[in-house]
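Please open the model in your viewer and keep the sequence beside it, as this tour moves from the whole chain to a pair of side chains.

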Amino acid sequence: KNAARFEFPALLDAFNICLNSGKNVIITGHSMEKETTSPEGTRYQKNIPVAEREIWTRVSRWASIVAFIGPRIEQDPLKSKGLKKVAKPDFDRFMHVETTPYCEAKNWWGLRGVISCGTNGKECHDNFMSALQHSAA
């Protein structure tokens with residue numbers, strides 16, 4: 001908790017200096033899926049960050065977008081209960097903005113849909129930049 005109070009704000013200040021000089025800053029972290037039930041009773045998987053609460057609060061306030069990268073999820077026709085992670089050979093991971101009110105509000109760039117991460121970091125970056133160019137922002 002001391003890092004969140006004393007050290008992390010200085011790190012965010014350093015990131016602001018980078019942003020003001022024309023550089024992009026991408027902060028990565030871990031997330032996990034949590035099963036959630038909608039008010040209508042539908043069950044679905046939701047991504048949530050795995051981080052110390054105070055650090056996540058500061059980062060999410062500072063960020064221009066909160067996106068999640070994970071395996072492609074498809075309906076499993078053999079299971080009546082629903083969703084199954086399916087690794088595809090060429091596009092086994094994707095990036096998306098979680099459809100929660102908070103994440104939607106943080107999506108200052110207007111990214112929509114699912115962005116393929118491709119098969120390597122460069123392809124992921126190129127696909128992300130292409131999605132930014134075609135976004136509503």
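This is a predicted model: local features need pLDDT of at least 70, side-chain atom pairs count only at pLDDT 80 or more; totals for chains, interfaces and linings use all residues.

Counted by type, the protein chain has four helices and seven strands.

Next, show the surface of the protein chain, which comes to about 9,700 Å², with 55% of this accessible surface belonging to carbon and sulfur atoms. If you then colour the residues by burial, you will find that buried residues make up 26% of the 137 residues in the protein chain.

Now turn to the aromatic rings: how many aromatic pairs does a search of the whole structure find? The search finds two aromatic pairs, and one of them is formed by F15 and W62, whose rings are tilted, with 5.7 Å from centre to centre and 45° between the planes. To see what this pair links, select helix α1, residues 2-20, which holds F15, and then helix α2, residues 53-62, which holds W62; the two residues are 47 residues apart, so that the pair links distant parts of the chain.

Finally, keep these two side chains selected and consider their cover: are they buried or exposed? F15 has a relative accessible area of 19%, and W62 likewise has a relative accessibility of 19%; because buried means under 20% relative accessible area, F15 counts as buried, and W62 counts as buried as well.

Methods
Residues are numbered from 1 along each chain as its sequence is written. Side-chain values use heavy atoms; hydrogens and water are left out. Buried means under 20% relative accessible area, exposed over 50%, partly exposed in between (1.4 Å probe, protein chains only). Accessible areas come from the Shrake-Rupley method with a 1.4 Å probe; for residues, only the protein chains shown count as cover. Rings of Phe, Tyr and Trp (its six-membered ring) pair if their centres lie within 6.5 Å; planes under 30 degrees apart count as stacked, over 60 as edge-to-face and the rest as tilted.
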